[in-house]
Amino acid sequence: MSDFTVSRRKMLAGSAMLLASTAMPSLGWARTPKKGGRLVLAADSEPRNLNPAIVASNGVFFISSKIVETLAEASFDGKDGLAPRLAVSWEGAADGLSATFKLREGVKWHDGKPFTSADVAFSALQIWKPLQNLGRTVFKDLAAVDTPDDLTAVFKFAKPTPFQLIRNALPALSSVVPRHIYEVGKIEDNPANTAPIGTGPFKFGEYKAGQYYRLTKNTDYWGKDEPYLDEIIYQVLPDRTSAASALEAEEIQLAAFSAVPLADLDRISKVPGLKVITKGYEGLTYQLVVEINHRRKELADLKVRQAIAHAIDKDFVVKTVFLGYAATATGPVPKNDPQFYTADVPTYPFDVAKANALLDEAGYKKGADGNRFSLKLLPAPYFNETKQFGDYLRQALAAIGIDAQLVNNDSAAHIKAVYTDHAFDLAVGPPVFRGDPAISTTILVQSGIPDGVPFSNQGGYKNDALDALITKASETLDTSARTDLYKQFQKEVAADLPLINVAEWSFISVASDKVGNIANNPRWAVSNWADTYLES
Amino acid sequence: MSPLRRFLRTPEAVAGAILLGALAAMALSASLLFPGDPQAIAGPALLPPFQDWSLPLGTDRLGRDVLAELFHGARTSLAVGLAAAAAALAIGAVVGTLAGFADGLVDEVLMRVTDAFQTVPSFLLALAFVSVVGPSLGIVVIAIALGTWTGPARVARAEVLSIRERDYVANARAIGMHPLEIAFREVLPNALPPVLAMSSVIVAAAILTEAALSFLGLGDPNRVTWGGMIAEGRTVLRTAPFLSIVPGIALVLTVLGVYLAGEGIVETTAVKRGLS
């Protein structure tokens, strides 16, 4: 495991070099950013609501992060992994009851009105806390936001809230929207949700359903000389095979979020003028997880769960399903997380004989047809890879005498079947790790979550010790004590297997050589692209 | 000349029969030649065809044997095609006979129902049905039959309308046979030949519909189907085109075979009728 840490450091060092190379134009070999030009890129989905303060999801950020900015953005080399955006500094009080943000001076909304602390207070109290999918958990104890002056916002919490959590949540959860636009009428019905107004480097231009989104340069942007691009066009290409041909035909210059299928990458990397980039998604790690319905008596038995874990050849999955563009997982925190990951957890090496022995021990003997019992397996339909892993898992389970029957559903039906109706035995899900286990990871195993909450523990798993650990960690203010508790959390999850983490993956970008400053932060595809440029 | 010899004289009919025979042989021998689960992982992923003779047609993205999948897929295609066609013909013949024989209100109601089914494109009907009920082989068969029984129903009704005026029907009435008995024992068997002549078109359409449903991810995921194989191969179309081409060719040959053989039968019977 230690060699992985080394490789991660190497990778970070590599990215730092990359940053340095673009940040120091005085060096002869570095490229100087050029002004102007139109960047055309592939968009595979068309989110209806473009308000990132309400819908904190990558599909929305992909477009709206250029228009609406957050208080801080993720960074490879910044302190605590953050770079300032609308906030220039932040500090948490020792008692965990307040957090102070100093805001940037001279920032204007796209309609010319000045940006002030009142906008931050409004966004936090009226949108992040009550309406945002992720903010509901993170900001649940936010009681008030004081605004002593226009450039200071003080968040007051009713209960001690770890500042580490607030800090880690900033890049994804802190999109600030203008109070003067949103204070009239119902926030959910505001026209700015479909034509957003923000402070970002680009303004919303127009949206033609099924065709494109157009963003135009914000000439009043606070960043010096930024943005470089005049226009960004999101060309809607829902068919995954068309993005690769569009790149080759030079109709688009960028396909992010793995719009080019993994199997095509090898071929396309040899096309002159195009490059395949695996960096720039470190902050958006997806986890390939086998969700387990503990209401099934067989699956409530730890030995059966261990057997299933032993039956999965994680290396094969990474190599074949993900063609190497993924890493094997050991537990609920991905290996590339710099703060919380620990390799010191129970592991389940691929071992069919051991898996069979465990099932025999658990009392599930093979029947005459070679099967021990049957299960219903529901692979999530969102990614090709989750579907393919479903096919693989069926085979892996057949090898240990478990007959898995695949059930395919569309997205809506899958979410209903798994998270509301609990009509599954095993499901394959792709939850996202968002930089802190408390944001969207602990709810995967915590008990007492109401039915119907997607990407949460809907398998009926209940472990009082683990619940207590999660509660304790959510109240621990000291950063290192809190980190240790989450390391403990990883150990317990890996030991009791409420779910099985198989692999971790992120996305790949394919871009024309002309696009500069790509992948220079860990959430690049969903960052503001103020420094992205096009060479002529 | 016997009908068989006349059939064998038509070259396209012979070609069709050979293709169908090959397909049936594939379907029947699938379990013998490729025992076990055809979806089991058999080798390295994305092995091109003709590289390794233990896996002559190569492997797909998970390393499953394409040839084994092709054979087992023939089984699904043929089973679905035949079952759906049989169901469609059965429903159609019964509805058509009842409508034609009963006359009046029953005829009116049954034919309007038939109209209603005919106005909905059969593929959309199948698509809607499968997405509501959930994909499994039996459901797919019902879904396809739902959209194709109207043709046989109309033909059967037209045929029954002419047959019911014949003398032997009047005789049956005179000796006091129950109307339903007359309809199904005297009229239906005589109305069947033109209805059966439609079977080849229906089987071919059913095989294509099944493939299209699988292609859209609405086939039975626990079985190999050619449509499913094409859909899987589509994501790697540029790097491994054989994954889509191989099942695609199989599909084309099957539909062609069914159609040619059907044409041959129709022509043979038509000539026989003309001569007699």
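Which residue of β7(A) stands opposite A:Asp149? Keep that in mind as you go. The model on your screen is predicted.

**Stop 1: the sheet**

Select β4, β5, β7 and β6 in chain A. These four strands form an open sheet, and they run across it in the order β4-β5-β7-β6. Their pairing is antiparallel. Now colour the two edges. They are β4, residues 87–92, and β6, residues 142–149, both in chain A. Each edge strand pairs on one side only. Turn the view and follow the twist from one strand to the next: it averages 20°.

**Stop 2: β6 and β7**

Zoom in on β6(A) and on β7(A), residues 152–157. Five bridges link this antiparallel pair. Show A:Asp149 and look across to β7(A). The residue opposite is A:Thr152.

**Stop 3: the helix on the sheet**

Next, select helix α3 of chain A, residues 117–131. This helix packs on the sheet. It touches β5 (98–103), β6 and β7 of chain A. Compare the directions of α3 and β6(A): the angle between them is about 170°.

**Stop 4: where chain A meets chain B**

Show both chains. How many residues does each bring to the contact? Chain A gives 17 residues and chain B gives 18 residues.

Stay on the chain A side and select these elements:

- α7 (240–248)
- α8 (262–268)
- α12 (384–398)
- β16 (402–406)

Each supplies at least two residues of the side that touches chain B. The most come from α12(A), with six residues. Finally, colour this side of chain A by class. You will find six nonpolar, seven polar and four charged residues.

Notes: Residues numbered from 1 in each chain as written. Chains lettered and ligands numbered in written order. Predicted model: local features only at pLDDT ≥ 70, side-chain atom pairs only at ≥ 80, totals over all residues. Pairing = 2+ DSSP bridges. Axes fitted to C-alpha atoms, helices over the stretch in contact; angles between N-to-C directions. Contact = placed C-beta atoms within 7 Å. Nonpolar A, V, L, I, M, F, W, Y, C, P; charged D, E, K, R; others polar.
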